[in-house]
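Q: I am new to this structure and should like to learn how to read it. May we take its features one at a time?

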Amino acid sequence: MSFLDYAPAPESTSILHLKDSYGLFIDGTFVAGHGTPFASISPATEQHIAEIASASAADVDTAVAAARKAYEKTWSKLSGSDRGKYLFRIARLIQERARELAVAETLDNGKPIKESRDVDVPLVAAWFFYYAGWADKLDHAGLGANPRALGVAAQIIPWNFPLLMLAWKIAPALAAGNTVVLKPAETTSLTALLFAEIVQQAELPDGVVNIVTGAGETGAALVRHPDVNKVAFTGSTAVGREIAKAVAGTGKKVTLELGGKAANIVFDDAPIDQAIEGIVNGIFFNQGHVCCAGSRLLVQENIHEEVVDRLKTRLATLRLGDPLDKNTDIGAINSREQLDRIRELSDIGEAEGAERWTAPCVIPENGFWFAPTIFDNVSTSSRIAREEIFGPVLSVLTFRTPAEAIAKANNTPYGLSAGIWSDKGSKILAVADKLRAGVIWANTFNRFDPASPFGGYKESGYGREGGRQGLAAYLTTAAAAESASVRTSGYSRARKQAETRTLAAGEGEGK
Ligand code: ADP
């Protein structure tokens, strides 16, 4: 140990009072599931955390029935301000239990505690506060006259931001007056179950929030349930395509937030020190398990060498290891399956001729780990430049002119996010205007705010989450209902099918 090394600073897990096993949360109580239970493990140590129930199709049916009953009997009868009070209460309980939630998230997901503590959990509370404020102002959201809830929302979320994705889904749904059945990802159910306890603590009417744990079949049963009015999904493009097909022609409203392969464009007039930090944050935040990660660095040719050298120097200082340690920058990869995928695509990158560089770090013996990696001189046709790796792997490409940067940035089946680094405001605006991406950051990256809509173009999905636009996904207006009844059902079916075709046309995985 040199004198510059950090002493271990592990966050204590004594704040957690986990049960040995967790049931499904249906109609306000925890009940047994009828599927085969499965274990949630810590990806950093591979240690068993708790046994999680799996919901069968019959359990999903019970959960949807509970949500329907709650929608009709209680939730839709409450005023917006009363719904808002419940949401404010949930937001405050999240703040009160913030440390416990952060520790649980880090234990179950593998992300560094400094991220779950300083980013995920504060954003979760912010999301509930933000939508609590909207609950009694739906008439003023500019979404049309007399906005009304849709009914029961089926919500399926991934493992990369378990609690944050839950907040993105549940907060707007409840504010708009819907009830929900949410399915967390199978490797990260824990914080959704702690959230169920918060729902009980907040004395939310029974059945307004239901949590069904399980794998893909549970999700498929939920999406296909005939009494569901709305489907909201965040996950891979492959599953998004299946869901789009499953709901086509059913009249269910859908939002899909899928994969990404964001370009982070650095011009030679950029503030280089900040850009280096932004590149690191863009791809190594949350081990790169981020749908909007800046996984393709597009750097102007004349500063390419300088940027790559400085990046390597910076990456060599990142600390990989125990996610519960407050000094850890890079935590564990969420699952063995995901680690295998990152390894496979990285090996392909090398075989395709890109120059591989790996940050010098000691990999712990147990658990799933992947050291921060850069691929330089990547060609646009290379698989690592086209497919979502969903790990701490950066592909570096170069460009000479803004037009070339734009062409390369848009040369992807995805369109979720992008970043631009330059000290010229006019250049940033001109380039941003031509990028086909839902979110564009200028001189920053991976910034989230509940007031800002988030969503994709092309294979990154459709619909927006966050902001007023996020409310629209959970509402219908008198005008919309009327035009839907005037329109032949064939029209909406044709439109849905067209959307499905667009999605089905491309390739790639991601979220
Ligand atoms: P990943 O490949 O990264 O696990 P997925 O898209 O498979 O991403 O998973 C995202 C979420 O979708 C998870 O909660 C998962 O259980 C769920 N899921 C997987 N397959 C299906 C399906 N066919 N229908 C509905 N949900 C599914």
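A: Let us begin with helix H1, where the face turned away from the buried side carries the exposed residues Ala58 and Lys73. Please keep in mind throughout that this is a predicted model.

Q: Which residues of H1 are buried?

A: The general idea is that an α-helix has 3.6 residues a turn, so residues three or four places apart point the same way. In H1, the buried residues are Asp59, Val60, Ala63, Val64, Ala66, Ala67, Ala70 and Tyr71. They lie on the same side of H1, because they cover an arc of only 155° around its axis.

Q: What do the buried residues of H1 pack against?

A: They pack against strands S2 (24–26), S7 (152–156), S8 and S9, and also against helix H7.

Q: Which residues of helix H10 are buried, and what covers them?

A: The buried residues of H10 are Val307, Val308, Leu311 and Leu315. Their directions cover an arc of only 95° around the axis, which means that they are on the same side of H10. On the other side, Glu305, Asp309 and Thr313 are exposed. The cover over the buried residues of H10 includes helix H9 (272–284) and strands S12 (263–266), S13 (296–300), S15 (373–376) and S16 (393–399). As for its span, H10 runs over residues 304–315, and these twelve residues should span 16 Å at 1.5 Å a residue; the end C-alpha atoms are 16 Å apart, which agrees.

Q: How many residues of helix H3 are buried?

A: H3 is mostly covered, with nine of its twelve residues buried. These are Leu101, Ala102, Val103, Ala104, Glu105, Thr106, Leu107, Asp108 and Asn109. They pack against strands S4 (38–41) and S5 (48–52), and against helices H2 (80–96), H4, H5 (162–175) and H6. H3 itself is formed by residues 98–109 and reaches 16 Å from its first C-alpha to its last, close to the 16 Å expected at 1.5 Å a residue. Just after H3, Gly110 takes a positive phi of about 95°.

Q: Which residues other than glycine have a positive phi?

A: Two cases may be examined. Glu203 has a phi near 55° and lies in the loop between helix H6 (190–201) and strand S9 (209–211). It is exposed, because its C-beta has 10 others within 10 Å. Asn443 also has a phi near 55°, and lies in the loop between strand S18 (439–442) and strand S19 (461–462). Asn443 is partly exposed, with 16 other C-beta atoms within 10 Å.

Q: Which residues touch the most other members of the largest nonpolar core?

A: In soluble globular proteins, nonpolar side chains tend to be buried together. Here the largest nonpolar core has 96 residues, and Leu87, Phe128, Tyr131, Ala167, Ala175 and Val181 touch the most other members. Beyond residues up to four places away in sequence, Ala167 touches Val124, Trp127 and Phe128. A second, separate core of 62 residues includes Ala262, Ala332, Phe375 and Tyr414.

Q: Is Thr179 buried or exposed?

A: Thr179, in strand S8 (residues 179–183), is buried, because 28 other C-beta atoms lie within 10 Å. Setting aside residues up to four places away in sequence, Thr179 touches Ala67, Ala70, Tyr71, Trp75, Val152, Gly207 and Val208.

Q: Where is Leu143, and what is it in contact with?

A: Leu143 is found in the loop between helix H4 (113–134) and strand S6 (148–149). With 18 C-beta neighbours inside 10 Å, Leu143 counts as partly exposed. Leaving aside neighbours within four places in sequence, Leu143 is in contact with Arg468, Leu471, Ala472, Leu475 and Thr477.

Q: Which residues are closest to the ligand?

A: The ligand is surrounded by 17 residues, and the closest are Gly216, Gly219, Gly235, Ser236 and Val239. Helix H7 (216–224) and helix H8 (237–247) are the elements that give two or more residues to this shell. H7 gives the most, with four residues. By type, the shell divides into nine nonpolar, four polar and four charged residues.

Terms used:
Residues numbered from 1 in each chain as written. Predicted model: local features only at pLDDT ≥ 70, side-chain atom pairs only at ≥ 80, totals over all residues. Near = placed C-beta within 6 Å. Nonpolar A, V, L, I, M, F, W, Y, C, P; charged D, E, K, R; others polar. Expected span 1.5 Å × (residues − 1). Buried ≥ 20, exposed ≤ 12 C-beta atoms within 10 Å, placed from the backbone. Arc of directions from axis to C-beta. Contact = placed C-beta atoms within 7 Å. Core = buried A, V, L, I, M, F, W, Y, C linked by C-beta atoms within 7 Å.
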